[in-house]
Amino acid sequence: MGSTKHTGPIKLPSRPEPSLWVSKVPFGLGKIKPHHIRDTMKVVWENRDSLPYAYRILTQGVCDGCALGVSGLYDQTLEGPHLCTTRLNVLRLNTMPAIAPETLHADIGELRKLDSSALRKLGRIPYPLIRRKGEERFSRISWDEALDLIADKIRSIQPKQLAFYLTARGITNESYYAAGKVARLLGTNNIDNASRICHSPSKTALKRSLGIGASSCSYKDWIGTDVLVFWGSVAANNQPVSTKYMYAAKRKGTKIIVINPYHEPSMDSYWVPSIPESALFGTKIADDFYQVNIGGDIALMNGIMKHWFDMEARQRGSAIDRSFVEAHTTGLAALEAHVTKQDWSLLERSSGLTRERICEFAELLARAKSAVFVWSMGLTQHRFGTDNISQVANLALLRGFIGREHCGVMPIRGHSGVQGSGEMGADPFSLPGGDFNEDDIRRIENIWGFSLPRWQGDIVGVTLENAVLPENHERKLKLFYTSGGNFLETMPDPAFIGRCLESVDIRVHQDIILNTSTLADAKEAVLVLPAMTRYEQPGGGTSTSTERMVYFSPEIAGGRMGEARAEWRIYADLAARVKPGHPALDSLSSAQAIRDEIATAAPYYDGVQHLRKKGDVFQWGNAYLCEGGVCPTPDRRGRLLPIELPELRKHEGHFFVTTRRGKQFNSMVYSDTDPFNAADRFDVLLHKSDARALGIREGDAIVAYNRYGVFHGRAKFDMIREGNIALYWPEGNALLPKGVYEPFAGIPEYNTTVILEKAETFHAFKDTKYVERRIAELETEPE
């Protein structure tokens, strides 16, 4: 933990800077770009039945969109108001009325005709529902009946057959904490959260390399750093408010570098709606793009370090901060031996970049006095995600870019509350304020007053797979309790996930809306419990941003949804039926009581108990973790780790494939058209030279296939690295392998290799051995 305090928001320059303008044509007329004014007017129209309440949410509440942490309309980085389309898009989830009874209780077959976007627009879940085996529609059920049924099932099964999952849909720290405590009280360690499918490798890698589990710096450090690197992150699309920070950084002379297989238009230029100059003329953001192969980042980073050691051999201190490395790291000799033996031809082939380009980037970083590395799922959603992040840590340690102003490593979160999920213990590998180890187990037992199960809980992917185990297996999933989440649209191999969901005895969906997973059958019953939003919860709630700011979001006066209850209270009420009168439940009696206990159970959250009103915030760990280079590891040093190249092979004519987000918030799609490149959801983004080699013209019907599935789409030529293609997520999930998890953090594999063909070729030969033979070629690739 650091001692330097965050100094609060800073002012933007008042004078314009025409050299950063994208175009002198006002508002980017004629260009492919988001239409912020039109989108804002659309949101106003959608919320016309509750505009005063919507206004109070925006001006009093903490954003329930991405994890940048905007409280009301203000944050801790820049002065002035902030509002983005992501927040506006999710606003309607908080203000819309209840689902009409005739729709809610319609035949399940009719509801299944709707996709998740249509289901979301139906409205909020107003009261508890049940659909038993063989029933074709949901029936109303009382809270007492629902909780008693769930409690009876919990008592009838073994704890290893019970699992909980929490998404990050506006969920507060109080709810994460209550769920983690209740799960352990009920005897299970099978509890997981949404970070498992996005940033779990970030925490795992940062823990092993630096001893920390979160961003080491703040957003403010972007502004004025020499180099700001976005690695596998499309922050302009997924965290739009961040473009204002990028604008401020550019005005301070910061170079912005983007490393991504796709030359992302939104990171090239952006019209920041809350800055008049940028709203009118746009802002050039990226100074350079390094278009790596999908999965080629480790090779790039090994190449950077190889060049640094070559520079060091010629002139000591020319690339590596020797004083920092000697004082604050271990493993330099092993790392140097590892990277210097790397073959340049292999590094070029794996990364997709030439030696000249790699050395150019290496020298840019070597000249820099400061840098911040920001990354997202382009680095984490791989079977080698943890190694990717440890490589980033290697770069930061070798240059001393840790623990001081304008320096740091930052996994930029996509959910408003997900940073707090593991910190509150809603994780099979974590307990509040610590890890799932004997010391932390004993510490938490002393606070909670009951014994914790010692067996290792499962990650959510394995939990789902456990549903299809034999009936008498000790880990056969029989009751799955999920707060939010739509596994049919977030996990690889949706058809298999559907079978898993339907193999559970009882599924509980605690949520504010219906989605396609809610409508899947179960062997005994599906229960749906209506949850409050964070703005409705009595006593308010807290959430933790990417930069470790813990914000208080107050209860906001306005309409309330039928019988909806605070999520933390539902967990407490359930536990009280299974363990009536247990004293551990006393601390779950109110939001304030939960915060009081969090401050004890997670010592670095001491201060959360004092957050009581709008605008209250503190930053745990202060401005810089590893301040002065001192890491919270046993020897107080960062670990330099040799990282092997992942085995990446593909046959001639095959392609690396990854998934892309369009106009959506996580799996919630808000438009069929991507506002940054005009692609639709079934377009396949590929390089025109690859298309030419296959005789594909733009707009042609094409098929991408492998041994996992088939995707039918249309060719769209775009600026993506040759040999790579991008599909939209979740539409492309059918091509992804099931049961393949990163070995350290457990994130599913979200990248694969495919054959790409014109649809007429694929269908002409589909009844022969042609397709089977071509797929068989893929069997030589690593799992």
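In what order do the three strands of the open sheet with antiparallel pairing stand? The order is S18-S19-S20, in a predicted model whose local features need pLDDT of at least 70, whose side-chain atom pairs count only at pLDDT 80 or more, and whose totals for chains, interfaces and linings use all residues. Residues are numbered from 1 along each chain as its sequence is written, and side-chain values use heavy atoms, with hydrogens and water left out.

**Domains and record annotations**

- An automatic or database domain assignment, which supplies the bounds, divides the protein chain into domain 1 (101-193 + 417-614), domain 2 (200-414 + 629-639) and domain 3 (655-778).
- The UniProt record, an unreviewed entry, places "domain: Molybdopterin oxidoreductase" at residues 124-576; UniProt positions are given in the numbering used here, feature names are shortened, and annotations may be inferred rather than shown by experiment.
- Over residues 124-576 the chain is 39% helix and 16% strand, with the end C-alpha atoms 27 Å apart; helices (H or I, at least four residues) and strands (E, at least two) are DSSP runs numbered from the N terminus.
- For residues 656-753, UniProt (unreviewed entry) lists "domain: Molybdopterin dinucleotide-binding", and over this stretch the chain is 6% helix and 34% strand, the end C-alpha atoms being 5 Å apart.

- Three bridges join strand S19 (residues 549-553) to S20 in an antiparallel run, and Val550 stands opposite Phe618 in S20.
- Helix H8 (residues 173-185) packs on this sheet, touching S18 and S19, and its direction makes about 90° with that of S18; contact means heavy atoms within 4.5 Å, while axes are lines fitted to C-alpha atoms, for helices over the stretch in contact, with angles running from 0 to 180 degrees between N-to-C directions.

**The parallel sheet**

- Five strands form an open sheet in the order S9-S6-S5-S11-S12, with parallel pairing.
- At its edges stand strand S9 (288-290) and strand S12 (408-411), each with a single partner strand, so one side of each is left without a neighbour in the sheet.
- Strand S5 (residues 227-231) and strand S6 (residues 255-259) run parallel and are joined by five bridges, and the bridge partner of Trp231 in S6 is Ile259.
- Helix H14 (residues 297-314) packs on the sheet, touching S5 and S6, with its direction at about 150° to that of S5.
- Helix H18 (residues 355-367) also packs on the sheet, where it touches S5, S6, S9 and strand S11 (371-375), and its direction makes about 125° with that of S9.

**Domain contact and salt bridges**

- The C-alpha centres of domain 2 and domain 3 lie 28 Å apart, and the contact takes 30 residues from domain 2 and 27 residues from domain 3.
- About 2,400 Å² is buried between domain 2 and domain 3, of which carbon and sulfur atoms give 53%; buried area is the accessible area (1.4 Å probe) that two parts lose on being put together, summed over both.
- Two salt bridges are counted between domain 2 and domain 3, a salt bridge being a side-chain nitrogen of Lys or Arg within 4 Å of a carboxyl oxygen of Asp or Glu.
- The side chains of Arg383 and Glu749 meet in a salt bridge (2.5 Å, N to O).
- The whole structure holds 44 salt bridges.

Key
Two strands pair if DSSP finds at least two bridges between them.
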